[in-house]
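Take a first look at this protein.

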Amino acid sequence: MCGIVGYIGTQAATQILLSGLEKLEYRGYDSAGIATVLEGELHCVRAKGKLYNLRDKLETIVNPAKIGIGHTRWATHGKPEEYNAHPHMDTKKRVAVVQNGIIENYRELREELKQLGHEFRSETDTEVIPHLIAQYLQADNSFLEAVRQTVNRLKGAFAIAVINADYPDELVVVRQQAPLVIGFGQGEFFCASDTPAIASYTRAVLPLENGEIARLTPLGVEIYNFAGDRLKKQPRLLNFNPAMVEKQGFKHFMLKEIHEQPGVVRASLEAYFSNLGEPTESPINLGLPEEFYTDLEQIQIVACGTSWHAALIGKYLIEQLAGISTQVHYASEYRYAPSPLTPNTLIVGVTQSGETADTLAALTMEKERRQGKEPKYQARLLGITNRPESSLGYLVPHIISTLAGIEIGVAATKTFTAQLMAFYALALDLAARRQTVSKETLENIINGLRQIPKQIETTLESQERLTEQLAHEFAETQDFIFIGRGINFPIALEGALKLKEISYIHAEGYPAGEMKHGPIALLDAKVPVVAIAIPGSVYEKVISNAQEAKARDSRLIGVTPVNDGEAAEIFNDLLPVSHVEELLSPILTVVPLQLLAYHIAARRGLDVDQPRTLAKSVTVE
Ligand code: AGP
């Protein structure tokens, strides 16, 4: 999604904006631009494509301006061309705006402004904003007031940053359902769509809330609501490790993040399973209040993409361990077809970024439709996120923070593992409190989880070379099928998604038993099948399903335990993982699939960390 940065202070703005934009590249973009105010004029430079195109253009320009805004654009309205790149300006080029989001009523506003003589130069929804601000400035409003009146006319979800050639000491920023954080330095202030863009300059940050406007000057920051009332707010200290946004010797962030997974599991074990041995109801510590658990009858989970896959595993764990009926919905579908209202229901939103528009909207809808109902129907809302400081953090009263650290690669890897750990903790916590599993079983599962970091390390060591070799052979393959059953069916979906999104190879994940009901017709020698076959309740079934594929000439790749003789006979290629209980296996079986997707994409010479047309967090519907 689009990325915004802004700066006002004592240093030259251009380099700060460019380095901020670099840190936002992970969000996905197709053009970029910056605007500054120097000697009473706006200077705007934009370029199609990657940031180095913008950097090239800026190299020849000497610009000591100390205020500016920057943007990486992920096209929604209008082609990814330079004339659509942000910043956009009003007709007289006095006001420049960058925006992340969508202005839903831009057509009416554009017509209205055209009638008033404003000249439009782009196809974007954003361009109405500088024209509208200019219109309100004409009526003798201050800059801040003109922005305030403008945002009150906008419909949609947006974050904006605005500069004005006539107000060289003011940067005005607004948040309305799209993320924006302000950074506080010494005599200098920043804004950005995400903290990595400003974390190398300051750790004192204030995430704006929806419906807030901030006026940044070299002297400080003032915050207002859309009605114009001044608000009192204090920045807080960001807990951020700059090493997280460096590749640390790995060729790509994605590979680094795959290798960080043992650490993620260790951190999760430490955080969630710290009650062991204490005489409490549950050995799990999620920091949730007692009333959260009382009379709980049902769980509804909303999520998108990889988070949806983690939620499917969560459903399996919660139902099998705690016996609570659980439904998992695509957030984008749930918004328009919600389940009937059920009593004593926990609503869970899973989103690593905490900014996915559909997930936030589904949670908001659920919260609103339960408001004013009798107590048993009222919303119990829980978020599972890697970014507790995100919009999700404001929306729901309870959060389970996943402990992956910031993830830069667009393809989610370590955040998926962190989400799985959160679901193991939640399911076991519920099971312990409801006494649906024995103490001994609970301890066995937790002990099994404690073995996982080492087992992932072993898998990573053995798989790196194997998956690289396979990638060499499959670099030109056009279709892949992934099959799994039970708790490993979502891993088949996740393996297929990883391959699709970074290698652009068509891939489908299926429950192995469903192949006979149609998809098996796709199979021939050109379509390899990856089967996840872990001893347990469905092992023999998956092996038979794999054999059916082999009978159609498909090359079979098995994700199986090491030294599994039966598997070695059936599969053409093996991606072995450590011996592990079926219930815990997804945290291990996903690893070779992540590596396979990574190596195929790298072999094909693709931009692994920023795949085409994808955004790290989808902040528009
Ligand atoms: C994962 O590899 C994808 N990039 C994507 O499916 C992602 O999981 C989805 O957009 C949801 O994002 P969220 O977890 O931030 O809500």
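This is a predicted model: local features need pLDDT of at least 70, side-chain atom pairs count only at pLDDT 80 or more; totals for chains, interfaces and linings use all residues.

Residues are numbered from 1 along each chain as its sequence is written, and side-chain values use heavy atoms, with hydrogens and water left out.

**Rings and cores**

The whole structure holds eight aromatic pairs. Rings of Phe, Tyr and Trp (its six-membered ring) pair if their centres lie within 6.5 Å; planes under 30 degrees apart are stacked, over 60 edge-to-face, and the rest tilted. Phe-474 and Phe-480 have ring centres 5.2 Å apart and planes at 70 degrees, so this pair is edge-to-face. Both residues, Phe-474 and Phe-480, are buried (under 20% relative accessible area; exposed is over 50%, partly exposed in between; 1.4 Å probe, protein chains only). Elsewhere, Tyr-7, Phe-190 and Tyr-201 make up one aromatic cluster.

Phe-480 returns in the largest nonpolar core, which has 91 residues; Phe-273 and Phe-480 have the most contacts inside it. A nonpolar core is a set of buried Ala, Val, Leu, Ile, Met, Phe, Trp, Tyr and Cys residues joined through side-chain atoms within 4.5 Å. Helix H12 (residues 414–434) gives the largest share of this core, 13 residues. A second, separate core has 30 residues, including Val-5 and Ile-34.

| Charged end | Ring | Distance from ring centre |
|---|---|---|
| Arg-433 | Tyr-293 | 3.7 Å |
| Arg-612 | Tyr-504 | 3.8 Å |

**Backbone**

Tyr-504 has a positive phi of about 60 degrees, although it is not a glycine. Tyr-504 lies in the loop between helix H14 (489–503) and strand E22 (506–511). Helices (H or I, at least four residues) and strands (E, at least two) are DSSP runs, numbered from the N terminus. At 23% relative accessibility, Tyr-504 is partly exposed.

Asn-344 is not a glycine either, and has a positive phi of about 45 degrees. Its place is the loop between helix H9 (331–334) and strand E18 (345–350). Asn-344 is buried, with a relative accessible area of 11%.

A cis peptide bond joins His-86 and Pro-87, with omega about 0 degrees. Pro-87 sits in the loop between strand E4 (67–73) and strand E5 (88–89).

Notes:
A charge sits over a ring if NZ of Lys or CZ of Arg is within 6 Å of the ring centre and within 35 degrees of the ring normal.
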